[in-house]
Amino acid sequence: MPRKILHLDLDAFFCAVEELRDASLRGKPFAVGGRPETRGVVSSCSYAARSFGVRSAMPMSRALRLCPGLIVISQHWSNYGEMSDKVMERLRSLAPLVEQVSIDEAFVDISDMCRPASGAAATPETIARNLQSEIRTDLGLPCSIGIASNKLVAKIATEVGKKSGKQGEPPNAITLVPAGEEAAFLDPLPADMLWGVGPKTAARLAELGIHTIGGIARWPADDLFQRFGENGRELSRRARGLDDRPVVTEHAVKSISQEVTFARDISNDRALEGSLRDLAAQVGRRLRRVDLAGATVKIKIRWPDFTTLTRQVTLTQPTDQDEEIAVTAFDLLAKVRPKGKAVRLIGVGVTGLGAPVRQLELWGEDAEKARRLQATLDALHERFGDKAIRRGKPHK
Ligand code: DCP
Ligand code: MG
């Protein structure tokens, strides 16, 4: 029996949350992100703004040139985290196998719900429609959904749905790919929509005259292997719609990480620390939500020439604390980064997941205090849903 995998991605997520804060933004061209005068970039842009060519990761100054009336809103991170948690909770109440892949995106294995044996078996269409309308009505957020027999095709189905929406409005798309039609669905799509086809691979494929996913699927797999190594073999499989990765819940996941690619390379120390701090907070939040802690903290860095490196360090005891993850990440960064060197991508993660250690050590009073402070901050964010409170300097 083929599986039924649902992929959900919120439409213009940060913007949708801002519309909940201020209803007058609805339908208007606006973008959430950094101010243009501080070389800020677009995090999320409303669908009205996208009609003008505004896109995420674009410098805000460029977005304003494309769309002169663009309203610029700064980020309210804790609201996004809070709404994201609510959506994920909703998904977990639908089915046990939920895998969150980013702040606004998750896979759900709904195979069991669709089996006739489970009494009144639901169709994937009904499940998708009900879920979409619940998230819309109860949480006030639009989303798009893709359903297919595996994660790869489900995610691409969501993306295709989003592109076919009415101009200027959140797409609210639902796209179903019936089992057996995976390859046909992927066939006409641009090659770079396939996972594993970045700009470099896309350029090399184009040199061979391959522009679509179908083009990859029809190219001899052996030749792709010769040219691209193991990735080539994988590409050939994926292009034919094959993917047997299971949906894994966070408990089964071996690591939790978050990364960001900058629209422009960043060399400013404080900006890098700020990003690391935001990433560490997202990682910490995800750890605490599932009651896990990580023994090893790692960072990933990509330099402007695309060389990428990772560094990690194992702590004396596992942590789920934003501050400890952030401070450890700063140290790792300081060790590998020559002063002033620009960075293209930065990521923070933890591995060695297990239950958080809570006992007080003789010298552990500070750790316990930090943990209590973190719990208080979480509770305040939960209640007031704003960054009314933010920690000041890192403490060592
Ligand atoms: N995000 C960000 N910087 C980026 C990309 C995304 O800060 N370069 C944040 C803001 C987005 C959220 O992550 O709202 C989700 O990213 P998506 O790629 O899903 O983008 P949106 O949800 O904004 O739009 P859509 O999914 O409708 O295309
Ligand atoms: Mg989204």
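Before I start, one definition: Ala, Val, Leu, Ile, Met, Phe, Trp, Tyr, Cys and Pro count as nonpolar, Asp, Glu, Lys and Arg as charged, and the others, Gly among them, as polar. With that in hand, the shell around ligand 1 divides into 6 nonpolar, 3 polar and 4 charged residues. Please keep in mind that this is a predicted model.

Staying with the ligand, 13 residues surround ligand 1. Which of them are the closest? They are Phe13, Phe14, Ser43, Ser44 and Ala57. As for the elements involved, β1, which covers 5–10, supplies at least two residues of this shell, and so do α1 and β3.

Now the sheet. A general point first: strands of a sheet pair through backbone hydrogen bonds, either parallel or antiparallel. Here, 3 strands make an open sheet with mixed pairing, and their order is β3-β2-β4. At the edges are β3 (42–45) and β4 (71–73), each of which pairs on one side only. On average, neighbouring strands of the sheet are turned by 30° against each other, direction ignored.

Helix α1, residues 13–21, packs on this sheet and touches β2, β3 and β4. The direction of α1 makes about 70° with that of β3.

Back to the strands for one pair. Strand β2, residues 30–33, runs parallel to β4, and 3 bridges join them. Phe30 has Ile71 in β4 as its bridge partner.

Last, confidence. The protein has a mean pLDDT of 90, and 90% of its residues reach 70 or more. Where does pLDDT stay under 50? That happens over residues 359–363, for which the model has 2 contacts beyond four places in sequence.

Terms used. Residues numbered from 1 in each chain as written. Chains lettered and ligands numbered in written order. Predicted model: local features only at pLDDT ≥ 70, side-chain atom pairs only at ≥ 80, totals over all residues. Pairing = 2+ DSSP bridges. Helix = DSSP H or I, 4+ residues; strand = E, 2+ residues; numbered from the N terminus. Axes fitted to C-alpha atoms, helices over the stretch in contact; angles between N-to-C directions. Contact = placed C-beta atoms within 7 Å. Near = placed C-beta within 6 Å. pLDDT = per-residue confidence, 0-100.
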